[in-house]
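These are my notebook entries on one structure. I set down what I looked up, entry by entry.

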Amino acid sequence: MDIGINAKKVCLFLAASSCSFYAFAQESAVNGSVKDVSGEPLIGVTVQVKNSSLGTITDVDGNFRLPNVKSGQTLVFSYVGYKTVEVTLKKNLNALVEVVLNEDAEVLDEVVVIGYGTVNKRDLTGSVASIKGEDLISVPVTSVSEALTGKLAGVNVTTTDGSPDGDVNIRIRGGGSLSQDNSPLYIVDGFPVSSISDISPTEIESIDVLKDASSTAIYGARGANGVVIITTKSGFEGKTQVDFGASYTFKKATKLTKVLSPYDFVYYNYEINGEGNYGVFEDLDIYKSISGTDYQDEIFGRTGNQLQYNVNISGGTKQLKYNVNYSHSDEESIMLGSGYRKDNINAKINSELSKWVSMDFQTRLSYAVTDGLSSGSDSNESNATNSIVTNAVRFRPVQYLNSSDDNSDDTDESSSIQLATPLERLLATYKQKRSFRQNYNIGLNWKPFKNITIRSEFGYGWRMDDTNQAWGSDATRNSNLAYNGQPQAAITSDDTRNWRNANTITYDNKKLFSGRDRINVLLGHEASSSQEKTVTNTYVNFPSQMEPGEVLAQLGTGELYAAESDIAAKETMLSFFGRVNYTLMDKYLFTVTTRADGSSKFTKNNRWGFFPSAAVAWRVSDEPFMQSASRWLSSLKLRLSYGTAGNNRISSGLTSTTYTLSGTSGKYPYFGESRATMLEHGTYLYNPDLKWETTITRNLGIDYGFLDNRISGTLDFYWNTTRDLLMRTEVPSMSGYSYQYQNFGQTSNKGVELTLRTVLADTKKFGLNFNFNIAYNKNNIDKLNNQNSWQSSNWGGSIISQYEDYYIHEGGSLGEIWGYKTNGFYTAYDPITNPTGELILADDGRTWTLKDGVKDNSATLTGGSYYPGGLKVECDEDGNPIKQKLGNTIAPVVGGFSFDGHVGNFDFSVFMNYSIGNKLINGTKLATSFNAGSNGAYNLNEDFTLSNRYTWIDPVNGLNLGKINSSTTVELYGGEQGLINRLNELNANAKIWNPAGVTTMQLIDYATTVP
């Protein structure tokens, strides 16, 4: 028996034990027990003499004793969720009364939360995936998004980076937009929220994910990408109950990038620079005994830990129920200097003010402190090339012999100032973000007439983010704020406020036509508004000896740039909506929904969007002709839906011209040798013709259950089409703008989803369940008329010479990555020892060139010069490199599976999630595969050890046979053929190219991996 059910029974027992029953003095007593169909004792079952106040309840073992009874009287056994049973007492009152209660399917039918209401799961017509709170808390994670990973079919969860407060992306059925946000709408206890990161998994009662238009159309513009509805725990009638939970976890980085040893690194550096940095060739062996500095270990080597605990207090009376939850999370992250602390308070009150009026109030407060950097470049860095995280991998493991001359290779191309080590920079960097979120929601329900409910609700949210950053001298040697090498600081405040009011009237008649049919009609109106304000103050030119803490404590010591402030345009929406649910003969289900949204993001002529939907369902298993299958078929329902939803997820103000003050990195005019503020037009060209993006969804679903629902699940087939895409597109530079938002293009997502739930064993001592889900999604770009199909990710700043790594084109799919496929490396030609070689020495005896008849211009991608050991890529018949599809970053197949159950009183669970068919770009691997610095200052990954790669150095004399600096080198080997033969001999077993011969790089298949 499920331990969760046992806990529920204990709660019911505690609640029932507060009831009292009156007894009359009699001579006899009756004893007995109550169990369920599996033989599990039921706790707190009410046992009462019929038509009498005499009664009792069962104890924790399911036993009861009822004194003062007579033979012939009838005992009534009742229990929530079970069918009531009556037993007439026989003359022998000493005999045990053994009763078995059966579950009441009508009562236990799972309730699913949908837009502005709830519905029994068996009455659903749309595609909805659900998960209970107890299934989330089995994994100790800090966020709801992480807990959802792999648990729901068609719901894909990914993290954007490894920082403690890193955003988690949720995608439902792939998403249809090419350049805009594909995140779903989040609803918490009926109120929309911008994020669910401030909700603790321990607060959650259930999560319902609406996936098709029949379900999401009631939310109109915001529901195009699906809806995630979260219901938090509520109070209940009974004595106060206090629950406490805690967990402590450890974290350790296990797959750090393996790089060259100090010896392999200095050997590689010698191949590029000769004796310039690490001495003469004969001295390089010294570095075999030097361990060097592993900056990955220095920065990411510590063991992280996380402490979480929560307290939940709930209870109440019939008139007033309450639930208060407090949760705390304290994490010391793996990265040095990083940590995360979060405190959440969630309070809910449900009050019956009178027989016709009730009120519910909720407040949710969250305070979080995030210390340290994220994975990308810091805000004062010129680009991702100089990121501390990036350089932790590729920074040289040993310093130059003459470090004072180290002034050209570890810097950005625009700077000539020496960079500090990644560890020095990290220790000289301070960053702390403090976030405080407040949400207050109140709802009032009024039932003026039978079957009529009028509800009015109001919500208010306020989010404040304060970020303090300070950099010491070691962290500003390549700053985009100027004043390199001197401490700097930046103080940013972000304030976002929003409100919402919704009013609905519901007619709910469950006894239409004498109980044959049911109908639920909803009409509503909603208005909402939000606005964000941001202010950033930047300080520079502090005395070089000041530490970050001193900088923040004495901001007046530095020079204050002109403040950057932004008051965004208000985002306002007005909506009207309606829905009809009709159930005919408890077998035929119909839903019609419509919503009209007016958005301030569009001009008057395009402001309103209209989004209808319809769905039908048929409970086949309830038909008379299916009764013969009832022994093995528990339930079978077919669902069909069609509808539309809108999307307006663009910034406000795109339909009118805007101007801004130039930022701190802008090119200011100088007057009197002082910076002057400057007004400049925005980066985008306004477009007054923008209109709604619309998604059409079609869904065919099957809900099934076999063998008393020991095997159950759903199967869904869907086809979503998104048209009039809100696209950000480049415009000609002569316009003075960078881009413009336009409506064009169409995408589609087609797929199938399967969910399977099985009960493998269910006894008192042992229970085992297996859950499995899998989803396949095929994304396609049906129509696209854009001038430039190439998109650049720019993940590595200037490390990569040219990106254009994503190709968005008609007939393709979102997430396509394009680049070049490697084709080995160049080798030196010799008619006897290497007749397939491509390179020969030019007449000058120093440079290499292609031999006659060879067409291979791979060197145009790798720096322009030909070298033996240089990287080759696949080329066409004319020798031009072929740019081709390398894969797709979006997995077509995702899912998860789990085992959970109990052994005695101990619960256990094992969970796995998976993705199939996608590729990942390993940027670190690519960035450490070539000579990224002008003098080989950066380390390489372990694929390029001396024993594995092509080399130019003759280990006998230290001469460079690839990058020939003197004509005497050729003479020492008896001429060109002697040198080539020696080079081929040295590299007979080489498996990969020589990174010294590659000075520029584009995306190649070497960097694409299967997750």
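Predicted model: local features only at pLDDT ≥ 70, side-chain atom pairs only at ≥ 80, totals over all residues.

I take contact to mean heavy atoms within 4.5 Å. I number residues from 1 along each chain as its sequence is written, and side-chain values use heavy atoms, with hydrogens and water left out.

Entry: K872. I looked up its neighbours, leaving aside residues up to four places away in sequence, and found that K872 touches K821, T822, N823, G824, F825, Y826, E838, D856 and S858. K872 is found in strand β49, residues 871–873; strands (E, at least two residues) and helices (H or I, at least four) are DSSP runs, numbered from the N terminus. K872 counts as buried at 10% relative accessibility. Buried means under 20% relative accessible area, exposed over 50%, and partly exposed in between, with a 1.4 Å probe and protein chains only.

Entry: the whole protein. I noted 14 helices and 54 strands. Of the 1011 residues, 49% are buried. Among contacts between residues at least 6 apart in sequence, 69% join residues at least 24 apart.

Entry: Four strands form an open antiparallel sheet in the order β3-β2-β5-β6; two strands pair if DSSP finds at least two bridges between them. Because β3 (55–57) and β6 (85–88) stand at the edges with a single partner strand each, one side of each has no neighbour in the sheet. Strands β2 (residues 46–49) and β5 (residues 74–78) pair over four bridges, and T46 stands opposite S78 in β5.

Entry: aromatic pairs. I recorded 32 aromatic pairs in the structure. Rings of Phe, Tyr and Trp (its six-membered ring) pair if their centres lie within 6.5 Å; planes under 30 degrees apart count as stacked, over 60 as edge-to-face and the rest as tilted. Y739 and Y741 are edge-to-face, because their ring centres are 5.9 Å apart and their planes stand at 80°. Y739 is buried at 13% relative accessibility, and Y741 is buried at 12%. F944 and Y1006 also form an edge-to-face pair, at 6.1 Å centre to centre and 70° between the planes. This pair ties together parts that are 62 residues apart in sequence. F944 is buried at 0% relative accessibility, and Y1006 is buried at 11%. Ring pairs also link F265, Y268, Y278, Y287 and Y400 into a cluster.
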